[in-house]
Amino acid sequence: MVTQNNGVAASVTHTQPLWLLAEITYRCPLHCAFCYNPTDYDKHTQNELSTEQWMNVLRDARKLGALQLGISGGEPLLRDDIEEIVVEAKKLGYYSNLITSGVGLTEKRIQAFKEGGLDHIQLSMHDITEEINNFITNTKTFELKKKVAAMIKNHGYPMVLNVVIHRYNIGHIKEILDMAEALGADYLELANTQYYGWSLINRNQLMPTKEQIDHAEKVTNEFREKVGSKMKVFFVVPDYFSDRPKKCMNGWGEVFMIVTANGDVLPCHSARVLPNIEFPNVRDKGLMWAWQDSPAFNRYRGDSWMKEPCRTCPEKEKDLGGCRCQAFLLSGDAESADPVCSLSPNHPIIEKAIEDAKNPTLQAQPILFRNDKNSKKILSGEAKDLIKDFHAVP
Amino acid sequence: MTILHTDIFKIASHHRFQWEEAQQSHVILFPEGMVKLNGSAGEVLSLVDGKNSVDIIVTTLKQKFKDVKDLETDILSMIKFAHDKAWIEKIN
Ligand code: SF4
Ligand code: SF4
């Protein structure tokens, strides 16, 4: 237990990382404009953990209590040891889930995954230009997804489709729903873009209006009525349009642990943007230390770090003050309330972002796609003006 | 759905039921998450294996927990609950 604020105790010690997300590589054949990977990912593509090191991560995380394993990236299929990792995961008792764009999934590989005991595959529809357009206009990529979707179903997996929603496709929500049905999806997640990493830089271009979101939700509800229980559709409303923040990762260092391609251990996807925190790496003191004792994981556990208005807020148990990364990226203060909260003194930043996204000049700015060249540009400082509003990245 | 004594259930596909050492409890795992089961739910679902009928499950548990009152009602409502949650599937 840590110090108690306003009588509410926060448990700090006895947390278990129920979810382990292995961001196994940052290499990716796609270049999504709303990728939440770090904008400086290029520097993490050189020193990926070895198969043996991943095996140790799996074992150690399991000892800490991890049960759900997500294998993602980048595109995880760019590594050729996923088969071995899946076998080990099964042996250890994980419920394992492969999160892939489908690029690189072959009959041979999926068969090996099935035999190895992979429990679940999630197919993502990510790319904003080509892929979504193709998807909507029913051409090449749709054919690929259709092939992959069929493979997934033939091997007895549920077909789980995840589509990231943004201004460029929100108007096509009906087509997306129909396509998902045509692909035989059992589950469809319509995930509105969250603004981190690449998507934050491209926010003015990507953010839909409140009206568009309401409309999309309405269309989704009508579709739900029509398909009934055949397909479960989840519509994740973006937090910018609500007046309370999300309980990010269910609390810092509470249930979620990410190990990145190069072995960094993080409490959430974008934590590396936070200043003055050194995140542990599995190559140093191991996973156990990282989760239980590292200063990084203890930094925002519980609520003793909070400032006003969160510290004395009667609702603080509900959202724990929101997302630390979002607070920092937008306000420059990682310990302040998430600006999404209408009680936050920084809430006008969100209101301005929503206004800016309606501004045709800002909307028309070129999108900075996630690719190696652009990542290098950001690292070298060449793309400075694009990120000046955000307290992100070097 | 009313649970009949002749019904046979199995753990639903895409779900996994297992004992968790770290949690000291049985859990059900599925794509979107997991559920930690309390002791009695764990006992019941341990017997849901695609072979045992509800009748057998009731008899087995009655033998194991002789002095528990209303056991049968509890077991039936647990099975119904698990079925409503789609953790288990009827196979006959
Ligand atoms: S969001 Fe797109 S670019 Fe980023 S990792 Fe996923 S598929 Fe690759
Ligand atoms: S003031 Fe802080 S704790 Fe209260 S609702 Fe807003 S973000 Fe949550």
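The largest nonpolar core holds 103 residues, and A:Leu20, A:Leu161, A:Leu190 and A:Tyr240 touch the most other members. Such a core is a set of buried Ala, Val, Leu, Ile, Met, Phe, Trp, Tyr and Cys residues joined through side-chain atoms within 4.5 Å. Buried means under 20% relative accessible area, exposed over 50%, and partly exposed in between (1.4 Å probe, protein chains only). This is a predicted model: local features need pLDDT of at least 70, side-chain atom pairs count only at pLDDT 80 or more, and totals for chains, interfaces and linings use all residues. Residues are numbered from 1 along each chain as its sequence is written, chains are lettered from A and ligands numbered from 1 in the order in which they are written, and side-chain values use heavy atoms, with hydrogens and water left out.

- Helices (H or I, at least four residues) and strands (E, at least two) are DSSP runs, numbered from the N terminus.
- A:Leu20 is in contact with residues including A:Val57, A:Leu58, A:Ala61, A:Tyr94, A:Met257 and A:Val259, leaving aside neighbours within four places in sequence. Contact means heavy atoms within 4.5 Å.

**Salt bridges**

- Over all chains, the structure holds 26 salt bridges. Each is a side-chain nitrogen of Lys or Arg within 4 Å of a carboxyl oxygen of Asp or Glu.
- A:Lys210 pairs with A:Asp214 in a salt bridge, with the closest N and O atoms 2.9 Å apart. The two are four residues apart in helix α10 of chain A, so about one helical turn separates them. Relative accessible area is 36% for A:Lys210, which is partly exposed. A:Asp214 is partly exposed at 37%.
- An α-helix has 3.6 residues a turn, so residues three or four places apart point the same way.
- A:Lys246 bridges to A:Asp239, with the closest N and O atoms 3.0 Å apart. A:Lys246 is partly exposed at 24% relative accessibility, whereas A:Asp239 is buried at 9%.
- B:Lys90 and B:Asp7 form a salt bridge at 3.5 Å, N to O. B:Lys90 sits in strand β5 (residues 88-90) of chain B and B:Asp7 in the segment before β1 (9-11), so the pair ties together parts 83 residues apart in sequence. B:Lys90 is partly exposed at 33% relative accessibility, but B:Asp7 is buried at 2%.
- A:Arg27, A:Glu48, A:Arg79 and A:Asp81 are joined into one network by salt bridges that share partners.

**Interface of chains A and B**

- Contacts link 13 residues of chain B with 17 residues of chain A.
- The two chains bury about 1,300 Å² between them, 54% of it on carbon and sulfur atoms. Buried area is the accessible area (1.4 Å probe) that two parts lose on being put together, summed over both.
- Two salt bridges cross the interface. B:Glu20 forms a salt bridge with A:Arg62, the closest N and O atoms being 2.6 Å apart.
- Elements of chain B that give two or more residues to the side touching chain A are β2 (16-20), β3 (25-30) and β4 (33-36).

**Helix α14 of chain A**

- Helix α14 (residues 324-331) is mostly covered, with seven of its eight residues buried.
- The buried residues are A:Arg324, A:Cys325, A:Gln326, A:Ala327, A:Phe328, A:Leu329 and A:Leu330.
- Their cover includes α8 (197-201), α9 (203-206) and α15 (347-356) of chain A.

**A:Arg109**

- A:Arg109 lies in helix α3 (residues 107-116) of chain A. A:Arg109 counts as buried, at 13% relative accessibility.
- The side chain of A:Arg109 reaches the backbone oxygen of A:Leu77 at 2.8 Å.
- Not counting residues up to four places away in sequence, A:Arg109 touches A:Leu77, A:Arg79, A:Asp80, A:Ile82, A:Glu83 and A:Gly104.

Key
Polar contact = N/O pair within 3.5 Å; in protein donor to acceptor, adjacent residues only side chain to side chain.
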